[in-house]
Structures are given as C-alpha cells and as structure tokens.
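Thank you for sending this model for comment. My remarks are set out below as numbered points, to be read with the structure in view.

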Amino acid sequence: MKVNRLLGIVVYLLNRDVVSARALAEKFDVSPRTIQRDMDSIGGAGIPVGSILGKNGGYYILDSYKMNRQLLQSEDYMYILTALKGLVSGYNSRRAEETVEKMISLSPAGLSSEQPFRLQLDTLREGSGTIHSVEVIEEAIRSRTAVQFQYTDAQQSVSSRYVEPLLLSYRWHAWYLFAYCCGREDYRLFRLSRIREIRNTGHTFIHSHGNAEQLLAAHQDVRPCISIKLACPAGRRVQLEEAFPNARVVEEHGSELILQFSVPETESGWFGILLLNAGSCTVLEPETLRRRLQSHARMIVQQYEE
C-alpha cells in the first residue's frame with residue numbers, strides 16, 4: 001500500500017543521512033520514478049524533505065523534523081515494548097528500565113495489557129562474572145575507553161588483552177565482545193564467559209573505528225567447522241536438535257535416525273554433548289572424531305578403574 005510505503009520511506013530516511021533514489025527504489029521494490037512521486041507526496045504532507053544532486057546525492061529529511069507518536073501504530077509500540085522488556089529481563093540496566101517506563105507512558109492506553117507474547121531472556125544472565133563484564137564493557141563503550149582482561153581461548157590458552165571495545169552482542173547462546181585488539185592489531189570477538197579480571201583502563205581510544213555493526217558483519221565467524229553424521233534413536237531427536245540447531249535428518253531407518261550437523265572445530269561444548277549421549281548415539285563421520293571419542297572413553301574408564 002502506498003501509505004505504508006510512504007511511512008516506511010520516512011522512517012528509513014530518518015535513520016540515515018542521505019539515500020539515493022535508486023537505493024530507495026531497490027529497498028521498496030518500486031521504480032526511481034515512483035520514488036520521486038513519493039517524495040513529492042511526503043513533502044506535500046508537511047515533512048521537510050531535502051535533496052542533493054550529483055553522484056553521491058539523494059534524499060534526506062531535515063534535522064529539524066522529529067517523528068511524533070502519530071507515526072507509530074499500536075502494533076509498533078507493542079513490538080518495541082516487548083523487545084525492551086525482554087532486554088530488561090536479561091540485562092541489568094537502570095537506563096533500559098527507564099526507557100521501558102518512557103515507552104509505556106507514550107504508548108496508547110491499555111496497550112501493556114494487550115501484548116500477545118513475551119520475551120523472557122533470563123538466559124542472558126550467565127553468572128555474576130559475565131554480568132560484571134557487561135557492566136564494565138558497556139561503560140567503556142560509552143566513554144570510548146580501553147579495557148584490559150585475561151582471556152582463555154577455546155584451546156585453554158591464557159593471554160592478557162588490551163582492547164578498544166566496540167559492541168556487545170548476544171549470539172550463539174552467549175555474550176560476546178566485539179573489539180579492536182591492540183596487541184593483535186585486528187578486530188576480535190571475545191566470549192565474555194572466558195574473560196577474567198576485566199577493568200576499564202580509563203585510556204581513551206587511540207584508533208578510529210567505523211560503524212561497529214558494519215565492522216562486525218565484515219568479521220563474521222571464520223572458525224573452522226566440521227560436519228558430523230550421528231546415528232541416534234528417534235526419541236532423542238528433539239534433545240539433539242535443541243543442542244545442535246543446524247542439525248537435519250538425512251536418513252531414517254525405522255526407530256533410528258541419522259542426523260547431520262556442523263560445529264566449530266575449536267570449541268569444546270559440543271564434544272561434551274556427544275560424550276553425554278555416547279551410550280545411545282554413534283558418530284558415523286568423521287573418522288577422526290570417532291577415534292577421539294574412543295580415546296576419551298578409554299581415559300575415562302582407566303581413570304575410574306584406578
């Protein structure tokens with residue numbers, strides 16, 4: 001619908017400096033000519049739209065314009081409040097709690113009692129150590145100051161890191177810090193549960209960084225992965241798919257399934273899950289993993305026989 005597209009264009013422009021007609025046309029799946037007509041409609045509605053000619057030109061909305069609550073519908077408030085309340089449920093932040101209160105006061109009357117779903121993100125609270133790290137890092141990101149900590153990687157190697165923190169991210173069921181590591185002279189992703197003795201040095205950044213989310217997108221997970229084929233009883237399917245979300249059934253033989261999934265080779269959590277299920281599940285591939293499981297099984301037997 002045209003009205004929805006016009007509203008979408010306004011919101012899109014409010015979140016950016018200048019956007020070309022071609023980029024808007026691709027975003028909203030219309031022609032550049034339609035975008036031009038849309039801009040006339042938006043301007044005619046009293047929203048101050050500016051334009052810049054030239055190669056890097058495009059449309060923008062004047063800084064003097066502020067979006068008012070009439071642009072948001074009840075469903076918009078519902079989604080925003082649900083996301084904010086979910087964040088507060090798993091993250092200690094007085095500022096976030098205050099934001100929830102502000103949004104409730106701006107929302108249409110009675111909205112808070114009409115929400116059809118709820119996000120309960122208690123799993124974000126990984127323990128007092130991680131919560132402390134989140135608080136230290138959040139303050140360092142705001143003040144653009146470096147932090148220092150001891151870090152234990154997946155190979156159990158411990159090192160001292162001095163980093164310029166850029167973004168906290170909850171992914172792969174854990175908190176991570178995306179930062180510029182001054183020692184490695186590159187961007188790195190650190191799992192917070194492996195951080196110890198973190199402190200804010202108070203030293204301001206000495207490097208210039210671009211948009212943190214764009215930098216993170218350019219430094220996606222490059223850990224080597226291995227593909228595993230696992231034979232298991234059909235009754236274990238739900239449990240294993242929960243443990244390995246990318247698992248898929250590749251064969252079915254009566255009450256037995258063969259699952260295939262990939263895991264980061266250098267991580268260790270998945271290996272513990274395989275050991276836990278070793279009594280009923282069998283790794284078929286790769287052969288190196290079968291030998292590794294055999295070796296661990298022999299060590300366990302030897303330890304408890306002594």
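The points below take up the basis of the model, then its cores, its helix packing and some individual residues.

1. The model is predicted, so that local features need pLDDT of at least 70 and side-chain atom pairs count only at pLDDT 80 or more, while totals for chains, interfaces and linings use all residues. Residues are numbered from 1 along each chain as its sequence is written, and side-chain values use heavy atoms, with hydrogens and water left out.

2. The largest nonpolar core has 18 residues, and those with the most contacts inside it are Ile228, Phe244, Phe261, Trp270, Leu274 and Leu289. A nonpolar core here is a set of buried Ala, Val, Leu, Ile, Met, Phe, Trp, Tyr and Cys residues joined through side-chain atoms within 4.5 Å; buried means under 20% relative accessible area, exposed over 50%, and partly exposed in between, with a 1.4 Å probe and protein chains only. At least two residues of this core come from each of strand S8 (225–233), strand S10 (256–264), helix H9 (269–276) and helix H10 (287–305), where helices (H or I, at least four residues) and strands (E, at least two) are DSSP runs numbered from the N terminus. Apart from this core lies another, of 17 residues, among them Val136, Ala140, Trp175 and Leu192.

3. Which residues does Trp270 touch, not counting residues up to four places away in sequence? They are Ile226, Ile228, Phe244, Val263, Pro264, Glu265, Leu289 and Arg292, a contact being heavy atoms within 4.5 Å.

4. Trp270 also belongs to the packing of H9 on H10, in which Trp270, Phe271, Leu274 and Leu275 of H9 meet Leu289, Arg292, Leu293 and His296 of H10. By class, this contact has 6 nonpolar, 1 polar and 1 charged residues, with Ala, Val, Leu, Ile, Met, Phe, Trp, Tyr, Cys and Pro counted as nonpolar, Asp, Glu, Lys and Arg as charged, and the others, Gly among them, as polar. The axes of H9 and H10 come within 11 Å and cross at roughly 65°, which makes H9 roughly perpendicular to H10. Axes are lines fitted to C-alpha atoms, for helices over the stretch in contact, and angles run from 0 to 180 degrees between N-to-C directions; those under 35 degrees count as roughly parallel, over 145 as roughly antiparallel, 65 to 115 as roughly perpendicular and the rest as oblique.

5. For helix H4 (residues 74–89) and helix H5 (residues 94–106), the axes come within 9 Å and cross at roughly 160°, and the two helices are therefore roughly antiparallel to each other. H4 contributes Tyr77, Ile80, Leu81, Leu84, Lys85, Leu87 and Val88 to the contact, and H5 contributes Ala96, Glu97, Thr99, Val100, Met103, Ile104 and Leu106. These residues divide into 11 nonpolar, 1 polar and 2 charged.

6. Helix H1 (residues 2–14) packs with H3 at an angle of about 85°, their axes being 10 Å apart, which makes H1 roughly perpendicular to H3. Lys2, Arg5, Leu6, Ile9, Val10 and Leu13 in H1 meet Thr34, Ile35, Asp38, Met39, Ser41 and Ile42 in H3, and the contact divides into 7 nonpolar, 2 polar and 3 charged residues.

7. Is Pro165 buried or exposed? At 1% relative accessibility, Pro165 counts as buried, and its place is in strand S4 (residues 158–171). Not counting residues up to four places away in sequence, Pro165 touches Ile137, Ala140, Ile141, Thr145, Ala146, Val147, Leu177, Phe178, Ala179 and Phe205.

8. Some backbone geometry deserves a look, since most residues other than glycine have a negative phi, and most peptide bonds are trans. Asp29, although not a glycine, has a positive phi of about 55°; this residue lies in the loop between helix H2 (21–28) and helix H3 (32–44) and is exposed, with a relative accessible area of 70%. Glu185 likewise has a positive phi of about 55° without being a glycine, lies in the loop between strand S5 (174–181) and strand S6 (186–191), and counts as exposed at 63% relative accessibility. The peptide bond from Glu285 to Pro286 is cis, with omega near 0°, and Pro286 lies in the loop between strand S11 (282–285) and H10.
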